[in-house]
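Biologist: Could you take one part of this model and walk me through it closely, with the criteria behind each term spelled out as you go?

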Amino acid sequence: FCHRPGGNFANFDFRYDTAFKDMQICNVETTKGDIPNAPGKTKIFVPGKETDSVLWLRTNEADPEKGRMPQVASFVVDHDATTLLGDWIKSVPSCPQ
C-alpha cells in the first residue's frame with residue numbers, strides 16, 4: 001500500500017480516516033520527483049490551486065511514465081474524479097491548523 005505509515009511514500013498519510021490537517025500534504029514538497037509535463041510543480045497540495053497541486057496533476061495524467069497516479073489498474077484519466085478533486089482543492093482557502 002502507498003501513502004500511509006509503513007507503506008511506499010510514507011511521508012504523508014492518505015488513509016480515509018486521517019484528518020486533512022494530519023495528512024502532511026498541504027504546501028509540502030513532494031519527494032517523488034518532477035512530473036515531466038509540469039516542471040516546477042513540487043507541492044503535493046496547494047490550497048485553492050489545483051493546477052499547482054501535484055496530487056491533482058498526477059491524477060490528471062494518463063501515462064505512468066509521466067507521473068500517473070495511481071500507477072496501477074488504469075491508464076485512463078477519470079475526468080469526473082479529477083473535476084471533483086480540482087473543485088475540492090479550489091474550495092480550500094488555506095492549510096488547516
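Modeller: A polar contact here is a pair of N or O atoms within 3.5 Å, where, within protein, one atom must be able to donate a hydrogen and the other to accept it, and residues adjacent in sequence count only if both atoms are side-chain atoms. By that criterion the side chain of Ser53 reaches the backbone oxygen of Lys49 at 2.8 Å. The model is predicted, with local features needing pLDDT of at least 70 and side-chain atom pairs counting only at pLDDT 80 or more, while totals for chains, interfaces and linings use all residues. Residues are numbered from 1 along each chain as its sequence is written, and side-chain values use heavy atoms, with hydrogens and water left out.

Ser53 is found in the segment before α1 (54-59), helices being DSSP runs of H or I with at least four residues, numbered from the N terminus. Ser53 counts as buried because its relative accessibility is 0%; buried means under 20% relative accessible area, exposed over 50% and partly exposed in between, with a 1.4 Å probe and protein chains only. Apart from neighbours within four places in sequence, Ser53 is in contact (heavy atoms within 4.5 Å) with Lys43, Ile44, Phe45, Val46 and Ile89.

Two of those partners lead further. Phe45, likewise buried at 0% relative accessibility, forms a tilted aromatic pair with Trp88, 5.0 Å centre to centre and 55 degrees between the planes. Rings of Phe, Tyr and Trp (its six-membered ring) pair if their centres lie within 6.5 Å, and planes under 30 degrees apart count as stacked, over 60 as edge-to-face and the rest as tilted. This pair links distant parts of the chain, since Phe45 lies in the segment before α1 and Trp88 in helix α2 (residues 79-91), 43 residues apart. Trp88 itself, at 34% relative accessibility, counts as partly exposed. Ring pairs link Phe20, Phe45 and Trp88 into a cluster.

At the start of α2, a side-chain oxygen of Asp78 reaches to within 3.2 Å of the backbone nitrogen of Asp80.

Notes: Helices (H or I, at least four residues) and strands (E, at least two) are DSSP runs, numbered from the N terminus.
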